[in-house]
Amino acid sequence: GQQLNQYPVPTYPPPESDDEELWLWTQIKAEARRDAESEPALASYLYSTVLSHPSLARSLAFHLANKLCSSTLLSTLLYDLFLHSLSSSPTLRSAVVADLLAAHQRDPACISFSHCLLNYKGFLAVQAHRVTHLLWSQDRRPLALALQSRISDVFAVDIHPAARIGKGILLDHATGVVIGETAVVGNNVSILHHVTLGGTGKVGGDRHPKIGDGVLIGAGATILGNIQIGEGAKIGAGSVVLIDVPPRTTAVGNPARLIGGKEKPAMHE
Amino acid sequence: GQQLNQYPVPTYPPPESDDEELWLWTQIKAEARRDAESEPALASYLYSTVLSHPSLARSLAFHLANKLCSSTLLSTLLYDLFLHSLSSSPTLRSAVVADLLAAHQRDPACISFSHCLLNYKGFLAVQAHRVTHLLWSQDRRPLALALQSRISDVFAVDIHPAARIGKGILLDHATGVVIGETAVVGNNVSILHHVTLGGTGKVGGDRHPKIGDGVLIGAGATILGNIQIGEGAKIGAGSVVLIDVPPRTTAVGNPARLIGGKEKPAMHE
Amino acid sequence: GQQLNQYPVPTYPPPESDDEELWLWTQIKAEARRDAESEPALASYLYSTVLSHPSLARSLAFHLANKLCSSTLLSTLLYDLFLHSLSSSPTLRSAVVADLLAAHQRDPACISFSHCLLNYKGFLAVQAHRVTHLLWSQDRRPLALALQSRISDVFAVDIHPAARIGKGILLDHATGVVIGETAVVGNNVSILHHVTLGGTGKVGGDRHPKIGDGVLIGAGATILGNIQIGEGAKIGAGSVVLIDVPPRTTAVGNPARLIGGKEKPAMHE
């Protein structure tokens, strides 16, 4: 958001401190207030999604419930579910904060935190996934799977509830992302649209990729099998990756070959 | 659903027998009853989508109508349409059964029949497509096309009503699948997400691929033109296929080349 | 729509004349009237979306508002916004006309103008994008971004409001199309589904492709960076294009190489 950022960011608290979530929520409310003033057509929308809520967790729970509800899966049920999950898990809340910061820092088109919170379906899909993952770990599988299905209908992002996803995640554009059951995604990973972390179809069990910290995966890349993508690696757009990729290495092509250094990352947005 | 299957499957009636649909419906109701008991938050959802219905056809018609309705295309109209189509066509009903069995057998992440019936947008898109195909064959083209459009909006699956699709079909993840007007898909075919069965843009008329029985098409594969993919062939993820593929042969790459035997199928989920 | 066109097209007024929009609207109403008579199940739908409206602009504004509204972004707000934008901009209205003609001429599966108007999510997404672009140029960025987000949720088409798009555009199937902030698309361009006009992630500022007039971009092609695709060029399905493509040249493969003449366009639908 460098060149287009309309909202200069004041002094920032130390990462992971108790004040970080509160600081971000204060920013988001200030952004929403300015937008509501400059655009009366959005005032009611911004009031109901942001300004009427006492916390980031409540705003997010309300927004997700409204996006994901249906005539048979009611928004009240989803709101209670999201709010309870966020309220009871500091880990979930700190991941929300880390993901908002990641979008703001890494996506040049992200002009404000509230833009990400309200408008990025990749951000919303990942937060909802984290709730399905919590449900899965509590052995509430039917509810986790019903929610996964709604996320796929509404955001075209299909992440199995059992998949483990770190924090500081940017799912840019997000349409068509598929992440399988035994996939693991580290921290500070950026994933463009149409990316698949899938299986090869030859085995059951642990069959999906393991993505290291700080990896960047270009649009349309397909990564298949229980392989390791080392930390800081870059996967070129449109690659089909069937082999391990060492740390800080770039893989491009179909099938992907490794190229040293940082050549042709072919990435972002 | 081997390793995660929570619902052991009792003795199974002979395939294609009259009892098969009833057996499956009994399974689905038992699954839904257990899930409703273990997860009260889902009880009302499961009652309205499964347990309140006297047959698989009615449950499916209700669920599809709710998913595909809009403020201008009412759920009552769609429910009547789906129910009438399913009730009057044993072929449609047997394809529903075959597709549910296919997902359960071929997708390791499919833990129950009710999971597929309620949550797999690929399954739901294919059942709705079959109704558009029936309408098309009855020369009710405007309704068929309006429904195709809703299926593409809601499930991100775009299948032309004139395309002919066999049974035992698994559309896994399903986002972004596009199947053109003169395409033909055989029985027991598995198609991953982002797969295109398209034209080359150079001709009108019969211009789309013909897919044999038992073919497996990996994520993101693009198959173009009036070409034949022989039975049991495997198309690698991310391939761009512009030539015939003989039976039991694997095609990989962009443009795809043929490789013998079963090397690197690069497939599933 | 040659081989399937049910509606023979009467004498056509000179392109860009004042009568063109009126002529097209007369066609669309005649098609809708015939469809409503032949298919009573659609009569109420066709009345509310087409036949009850006094102009193409009102019909389109109503249809878009219904498709894009949510519980927090009301259809009345969107209807006013779309109608006001279309009413006050002859450029927007002439682009609507050019896009309807383009779909009818270039897509063999497009059997009528009303089919495109009502059912093509690519057409609808582009018209809605043009309104976000107008808002962006008026410095109403929060509203433009909220609308971009709804378009991406509903149609799985993500076009940044700042992107500049010509007229006579066909977005065929459309699922998964992503067009970045500084991209420019000329007139009479055809873009298949899953196409990305993206950045390379290495720079901010002017970082997206410039697409010349009459270009054809195949399904799943990924075009990255501030590069030029010359007029009349063809980009093969599944290509990853990182270099300039001269006019009337074809690019295929990953990474794409140039091939002379018109070999293997590997394109449409």
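Predicted model: local features only at pLDDT ≥ 70, side-chain atom pairs only at ≥ 80, totals over all residues.
The empty space of the structure was examined at the outset. Rolling a probe the size of a water molecule over the atoms shows where empty space is left. A search of the whole structure gives 17 cavities of 30 Å³ or more. The largest cavity holds about 340 Å³ of space. It is lined by 25 residues. Closest to its centre are A:Gly220, A:Gly238, B:Gly220, C:Gly220 and C:Gly238. The lining of this largest cavity has 20 polar and five nonpolar residues.

The lining of the largest pocket consists of 47 residues. A:Cys69, A:Arg150, B:Cys69, B:Arg150 and C:Arg150 are the closest to the pocket centre. Helices of chains A, B and C give two or more residues each to this lining. From chain A these are helix H3 (56-68) and helix H8 (141-155). From chain B they are helix H2 (40-51), helix H3 (56-68) and helix H8 (141-155). Chain C gives residues from helix H2 (40-51), helix H3 (56-68) and helix H8 (141-155). By class, the pocket lining has 23 polar, 15 nonpolar and nine charged residues.

Strands of a sheet pair through backbone hydrogen bonds, either parallel or antiparallel. In chain B, four strands form an open sheet in the order E2-E5-E8-E11. The pairing in this chain B sheet is parallel. Its edges are strand E2 (164-165) and strand E11 (228-229) of chain B, and each pairs on one side only. Strand E8 (residues 210-211) of chain B pairs with E11(B) over two bridges, in the parallel sense. Within E11(B), B:Ile229 stands opposite B:Ile211.

Chain C has an open sheet of four strands in the order E2-E5-E8-E11, with parallel pairing. The edge strands here are strand E2 (164-165) and strand E11 (228-229) of chain C. Each of these edge strands pairs on one side only. E8(C) and E11(C) run parallel and are joined by two bridges. C:Lys210 has C:Gln228, in E11(C), as its bridge partner.

C:His208 lies between strand E7 (196-198) and strand E8 (210-211) of chain C. C:His208 counts as buried because its relative accessibility is 0%. Its side chain makes a polar contact of 2.7 Å with the side chain of C:Thr182. A polar atom of the C:His208 side chain also lies 3.4 Å from the backbone nitrogen of C:Glu181.

Cysteines were then considered. Zero disulfides are found over all chains. C:Cys110 is in no disulfide, and the nearest cysteine sulfur, that of C:Cys116, is 5.0 Å away. C:Cys110 is buried, at 0% relative accessibility. C:Cys69 is partly exposed, at 24% relative accessibility.

Two cis peptide bonds were examined in chains B and C. One runs from B:Asn254 to B:Pro255, with omega near -5 degrees. B:Pro255 lies in the loop between strand E14 (250-252) and strand E15 (257-259) of chain B. Another joins C:Asn254 and C:Pro255, with omega about -5 degrees. The place of C:Pro255 is the loop between strand E14 (250-252) and strand E15 (257-259) of chain C.

Positive phi values were found at two alanines described here. A:Ala174 has a phi near 80 degrees, although this residue is not a glycine. A:Ala174 sits in the loop between strand E3 (170-171) and strand E4 (178-179) of chain A. With a relative accessible area of 0%, A:Ala174 is buried. B:Ala156, also not a glycine, has a positive phi of about 60 degrees. The loop that holds B:Ala156 lies between H8 and strand E1 (158-159) of chain B. B:Ala156 counts as buried, at 6% relative accessibility.

A:Thr76 is in helix H4 (residues 75-88) of chain A. A:Thr76 is exposed, with a relative accessible area of 54%. A:Thr76 and A:Asn66 are ten residues apart in sequence. Their C-alpha atoms are 8.9 Å apart in space.

How values were computed. Residues numbered from 1 in each chain as written. Chains lettered and ligands numbered in written order. Heavy atoms only, no water. Buried < 20%, exposed > 50% of the residue type's maximum accessible area, 1.4 Å probe, protein only. Polar contact = N/O pair within 3.5 Å; in protein donor to acceptor, adjacent residues only side chain to side chain. 1 Å grid on protein atoms, 1.4 Å probe; cavity = no way out; pocket = protein on both sides within 12 Å on 5 of 7 lines; lining within 4 Å. Points joined across faces, edges and corners; volume = space filled by probe spheres on them. Nonpolar A, V, L, I, M, F, W, Y, C, P; charged D, E, K, R; others polar. Pairing = 2+ DSSP bridges. Disulfide = S-S within 2.5 Å.
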